[in-house]
Amino acid sequence: MAAGLVAIGALAYAVPELIAMRSTNSAETCLTLEDPGPRCKFSGTPLEMAGTPVFVEKFKHAFMPTTKPLSFIDARGMDWTAPPKTLTDGASIPSVFEPLVGDRQSREYLLAAALHDAYTGVGNEQLETYQTRRWQDVHAMFYDALLVAGTPPTRAKLLYAAVYLGGPRWNDPDRMLDAVSEAALLQEMRWCLDWIRAEDPPRSEIDAWMETREEALRTGTNTRPDYFKGLPSGL
């Protein structure tokens, strides 16, 4: 990562048209919601985990089961629940991105990770919650839950971008990225994270970035985004 990249945010470099357009009808987030009312709130905290650590095939680290329900209402008023016995490693961020996002496990991520894992996580296939919502909605909930749990907004956006790009996309074959190489995913994530740090875009623009880049990722033709034209090649 280029240490000085944040300083370029004020420079007049063009952003791809779709990303530059601020959506007027995008869902609010817990960062922008002026009157949350019952929204953007957890119940069932603190999260409790107990029992014997569970090891899942292909994962070197242990997962722990929760002992009581954890619930969350996101900015759109959708109610989410991690039932008892949800397995979580307290992260949810794809391990391939750890070199870029840093520590995947932190106390401020724990609540969001448990909820995200209840809908997407390995070892939770038997839960009544598993893959019962759209993958886009589950990842958006993760972002809101991070914010409410105290994750700084820019950090929450970096983690959101990581789960959006590297997380599962069930029942959506046209947008699957399973065949994309780790090297290509890492390069795309570097570009996206540099852009987020420089521009601090709203979540809707992170979605737009991903959507405009996915076809090139699937075909192995992704190149340096237009946003970086005119910048040093190391950025």
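Colleague: In which helix is the place of E188?

Modeller: E188 lies in helix α6. Please note that this is a predicted model.

Colleague: Is E188 buried or exposed?

Modeller: E188 has a relative accessible area of 1%. Anything under 20% is taken as buried, so E188 is buried.

Colleague: Which residues does E188 touch, leaving aside those up to four places away in sequence?

Modeller: On that basis E188 touches L165, W209, R213, L217 and N222.

Colleague: At roughly what angle do the axes of α5 and α6 cross?

Modeller: The axes of α5, residues 153-166, and α6, residues 182-199, cross at roughly 155°. They come within 10 Å of each other.

Colleague: Are α5 and α6 roughly parallel or antiparallel, then?

Modeller: Angles over 145 degrees count as roughly antiparallel, and α5 and α6 are therefore roughly antiparallel to each other.

Colleague: And is the crossing of α5 and α6 right-handed or left-handed?

Modeller: The two helices, α5 and α6, cross in a right-handed sense.

Colleague: Let us turn to the backbone. What is phi of D200?

Modeller: D200 has a positive phi of about 50°, and it is not a glycine. Most residues other than glycine have a negative phi.

Colleague: Where is D200 found, and is D200 buried or partly exposed?

Modeller: D200 belongs to the loop between α6 and α7, the latter being residues 203-219. Its relative accessibility is 41%, so D200 counts as partly exposed.

Colleague: What about C40: what is its phi, and where is its place?

Modeller: C40 is a residue other than glycine with a positive phi, near 60°. The loop that holds C40 runs between α1, residues 17-20, and β1.

Colleague: Is C40 buried or exposed?

Modeller: C40 is buried, at a relative accessible area of 13%.

Colleague: One more topic: the peptide bond from T45 to P46. Is that bond cis or trans?

Modeller: The bond from T45 to P46 is cis, with omega near 0°. Most peptide bonds are trans.

Colleague: Where is the place of P46?

Modeller: P46 sits in the loop between β1, residues 41-43, and β2, residues 54-55.

Definitions and conventions. Residues are numbered from 1 along each chain as its sequence is written. This is a predicted model: local features need pLDDT of at least 70, side-chain atom pairs count only at pLDDT 80 or more; totals for chains, interfaces and linings use all residues. Side-chain values use heavy atoms; hydrogens and water are left out. Axes are lines fitted to C-alpha atoms, for helices over the stretch in contact, and angles run from 0 to 180 degrees between N-to-C directions. Helices (H or I, at least four residues) and strands (E, at least two) are DSSP runs, numbered from the N terminus. Angles under 35 degrees count as roughly parallel, over 145 as roughly antiparallel, 65 to 115 as roughly perpendicular and the rest as oblique. A crossing is left-handed if the near helix is turned anticlockwise from the far one by less than a right angle, and right-handed if clockwise. Buried means under 20% relative accessible area, exposed over 50%, partly exposed in between (1.4 Å probe, protein chains only). Contact means heavy atoms within 4.5 Å.
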